[in-house]
Amino acid sequence: MSAPVIDIRGLVTRFGSHLVHDGLDLSIPAGEVMALVGGSGSGKTTLLRQVIGLMRPQRGDIRVLGQPLFSGDLQADRVLRQRFGMLFQQGALFSALNVLENIAFPLRELRWLDRETIHDLVMIKLAMVELEPRHAWLMPAELSGGMVKRVALARALALEPELLLLDEPTAGLDPDRSAAFVSLIRRLRDQLGLSVVLVTHDIDTLSALATRVAVLGDRRILAEGTLDHVMKQDHPFIRSFFGAARHAGSAY
Amino acid sequence: MGVPTVSFEMTGAQPVAVLSGEWTLTGLRGRLDTLRRQLASADAARAGHWDLREVTRLDSLGATTLWRAWGDRLPERLEADPHTLDMLRVAAVLGPCRPAPRMRPRRGDALVALGRLGGALVAQLLGMIALSGQILFDAVRMLRFPQDAPLRELSANLYKTGVTALPITALVGFLIGVVLSYLSALQLKTFGADVFIINILGIGIIRELGPVLVAVLVAGRSGSAMTAQLGVMRVTEEIDALVTMGVPATLRLVLPKVAALVAAMPLLVLWTSASALFGGMVAAAVQLDIGFGFFLDTLPRVVPIANLYIGFGKGLAFGLVIALVACHFGLTVRPNTESLSSNTTRSVVSAITCVILVDAVFAIATRHIGMPT
Ligand SMILES: Nc1ncnc2c1ncn2[C@@H]1O[C@H](COP(=O)(O)OP(=O)(O)O)[C@@H](O)[C@H]1O
Ligand SMILES: [Mg+2]
């Protein structure tokens, strides 16, 4: 197994008196699609925000791609942040910029690519997420929910990241769109050789995409491993989550 | 990490192009121009065979660079591993189209721009009139269904726009009063016309300065807040949610703001004028030895009471104008952050401009009223 893309040791997070993570350890190997599951409010989004450096944990150590997020060297920190992409739950597109400018934004920030090249790269990214060139001139407010996710994914992929983080990528999409989005992510992963971490509630997404699963509960990681391995664990949450999910899964 | 390179080997009649290294965003940084030049050289044009087997990684940037260098097609004889080939095929989506060159302003455009500006002005004016009509309509409807009256919102807005504005308006009024009185006193002293300070301050502040000063402060404070609030509610679709629940947005959001500001402004004008007069009185006492008692005795004799009513009337009118302008710009925010910021700016600027315009109308309409004879 290769070196971990994300390595979390002894993470402690608290909001006021509310303890969210207490001594959480998690190591995610490269080249895997790791699904993070857990009850609502178990701190999945918070964990993701800490991994991308939006929040600093009270205690503990997080390394991404082998490097600490806050090394003290501003340039190194910035370069590290260009090596992973995040798909936010609501897309977080810049509402004042159109689709083209949204995807071009991280490329422009590099400040060494010319306008024509950036335009070409944006068009390639649009094609990768199965959008058409004419969509490039739409504003975020004019996009459907599925399109917002695709544009946000294209923007997350703009800098050719090694690691892609997805927060509830299929939440709010209907089953058809959700399945299409999952197969899109899988295709891109194979094509680009990405490591992926995704937070999800949806068992279909999980079983279609994930090569490994980590279950978050009781303020730490309850179980981690392949889907089969995790499903065999005897814990009330795991039983109810996968039990209910098995039910829901068979309903289709 | 392998540096991206291209070299041309002269083996047969035609050169063979051999590429190697990391053709990626990180690998190509700082080398793109050199490589592009090499790819556009005469050797490259004659190369019959492209060998990409030594390329360790190729991403969209590498693929685009090669695709464009090859004249938007794959060369006939190309050797590469499947992964590299896949990426190159992805670049095949690129049409010959390039971004349209930036539009340069032409002569005659100024005229068009002026026309557009005029059109926009008329559109805003019409929007404002429509909003006033809607508010009137809501007010009538409220009379028929008194239980719909947004009393809580009204009281909240009265507090926000009126009560919380008291300290700042008092402070600014006091300081302006001191400054005005001090500067006038310097001039009046040279003519020995000391007592006229009371006439000047009385008429100037009560009739003109108090209302305009409050209007500018309130437009900056409450006007911008109203626009921003309504604007964010539009961006986040809260207004749509409200309307969906059958609550008319103008009744619940706009009417209380307008009513509260119309009610609060005259009182704020009274308060600020009083504070400014007090400031003037203090300065007059220091500068000209005019006692507080004498000042207060003389004031009603030299300043006809009509001036106070004019000040009140201006307060009402300015409050109406500021609230209407603020709500109009808030409701016309388009769902993006840029529009939100520009509309907030326009709201404050337009409100102050409109207030000055209305003030001019007042000056003309009341020119025979309230002047001491
Ligand atoms: N900024 C915050 N301030 C206070 N509490 C927070 C904050 N963000 C999250 N929380 C709390 O932390 C817990 C975990 O939240 P979150 O990570 O969003 O859960 P989820 O697993 O559903 O994504 C929740 O109980 C939430 O109330
Ligand atoms: Mg969440």
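**Entry 1: strands of chain B**

I began with one residue pair: Trp50(B) has Leu78(B) in E4(B) as its bridge partner. I am working on a predicted model, where local features need pLDDT of at least 70, side-chain atom pairs count only at pLDDT 80 or more, and totals for chains, interfaces and linings use all residues. Side-chain values use heavy atoms, without hydrogens and water, residues are numbered from 1 along each chain as its sequence is written, and chains are lettered from A and ligands numbered from 1 in the order in which they are written.

Next I looked up how E3(B) pairs with strand E4 (residues 77–79) of chain B: the sense is parallel, over three bridges. I call two strands paired if DSSP finds at least two bridges between them. The chain goes from E3(B) through H4(B) to E4(B), a right-handed β-α-β crossover. Right-handed here means that, with the strands pointing away from me, the path from the first strand over the helix to the second runs clockwise.

Strand E3 (residues 49–58) of chain B also pairs in the parallel sense with strand E2 (residues 16–23) of chain B, over seven bridges. There I found Ser20(B) opposite Glu54(B) in E3(B).

**Entry 2: a sheet in chain A**

In chain A I traced an open sheet of four strands, in the order E2-E1-E4-E5, with antiparallel pairing. Which strands are at the edges? They are strand E2 (18–29) and strand E5 (67–68) of chain A, each pairing on one side only. E5(A) joins strand E4 (residues 59–64) of chain A through two bridges in the antiparallel sense, and Val64(A) has Gln67(A) as its bridge partner.

**Entry 3: where the chains meet**

How many residues of chain B are in contact with chain A? I noted 27, against 25 residues of chain A, with contact meaning heavy atoms within 4.5 Å. The two chains bury about 2200 Å² between them, 65% of it on carbon and sulfur atoms; this is accessible area (1.4 Å probe) lost on being put together, summed over both.

I also found two salt bridges between the chains (a side-chain nitrogen of Lys or Arg within 4 Å of a carboxyl oxygen of Asp or Glu). One of the elements giving two or more residues to chain B's side is helix H2 (32–39). That side divides into 14 nonpolar, six polar and seven charged residues (nonpolar: Ala, Val, Leu, Ile, Met, Phe, Trp, Tyr, Cys and Pro; charged: Asp, Glu, Lys and Arg; polar: the others, Gly among them).
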